[in-house]
Amino acid sequence: GMEERTLEGHTKFVSGVAVTPDGVHIVSGSDDNTIRIWNYRTGNQEHSFTGHTGSVFAVAVTSNGKYIVSGSGDSTVKVWSLDSWEEVRTLKGHAGSVFAVAVTLDAQHIVSGSKDNTIKVWNLETGKAVRSLEGHGASVIATAVTSDGKHIFSGSYDNTIKVWNLDTGEEERTLEG
C-alpha cells in the first residue's frame, strides 16, 4: 500500500507503537526516553510524556482507552493517563530493562517482560506486583495476554515462547524451535 504519512518528532529511534481503541491516536515510545501521542487523522503530535530516565522500549494502551503503559531501560513500568496527560504511577520491581508490556482486556493487570529474565504481573489500579514468573534463561522481550485474561505468552532471547496461567503463575507449556 501507499504510505499515508510520516510522524516526526522523536529525536532517537522508535521502539514501541500502540493505537488507542478508538483508532484516533497513535502512541510511540523511543530511545529519546519519551512517549508521544499523535493524532492519526491530522498527523499532529498532541502530547509528549517525560519521566522515564531510560529508553522507552514498549508501550500499550488499555482497552478502555484511559491509560498508556510503558516499559523502559530504567527498569520501571509507568502508567500514564490519557485523560489528564499525567503520570499516574511507577511500578518498580524488575532488576533490568523492561522490554515488553501488555494489558489484560479488562484493564485490571499489566504484564511486563524484562532483561532480568522474568515476567511480572501487576495490579493496574494499585501498582502492586501480583506475581513474578521465572523460567526463561534470557531476557524476556515480548509479552501478550489472551482476550479471556487466562493466559500469558512470553518470548525470550532463549529462543522459546512460554505459556503461563495468569491466575496461578504456573508455567503450562514451552514452545521451542
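This report walks through a few strand pairings and one surface patch in a predicted model.

Residues are numbered from 1 along each chain as its sequence is written. In this predicted model, local features need pLDDT of at least 70 and side-chain atom pairs count only at pLDDT 80 or more, while totals for chains, interfaces and linings use all residues, and side-chain values use heavy atoms, with hydrogens and water left out.

| Strand pair | Bridges | Facing residues |
|---|---|---|
| E1 and E2 (residues 25-30) | five bridges | Val19 and Ile26 |
| E11 (residues 118-123) and E12 (residues 129-134) | five bridges | Ile119 and Leu133 |

E11 and E12 form a hairpin with five residues between them, and Gly127 in its turn has a positive phi of about 80 degrees.

Finally, Leu175 lies in strand E16 (residues 171-176) and is partly exposed, with a relative accessible area of 38% (between buried, under 20%, and exposed, over 50%; 1.4 Å probe, protein chains only). Together with Phe153 and Ile161, Leu175 makes a nonpolar surface patch of about 230 Å² (residues with over 30% relative accessible area and no salt bridge, nonpolar side chains joined within 5 Å and like charges within 9 Å; areas by the Shrake-Rupley method with a 1.4 Å probe, only the protein chains shown counting as cover for residues; a salt bridge is a side-chain nitrogen of Lys or Arg within 4 Å of a carboxyl oxygen of Asp or Glu).

Technical notes:
Pairing = 2+ DSSP bridges. Helix = DSSP H or I, 4+ residues; strand = E, 2+ residues; numbered from the N terminus.
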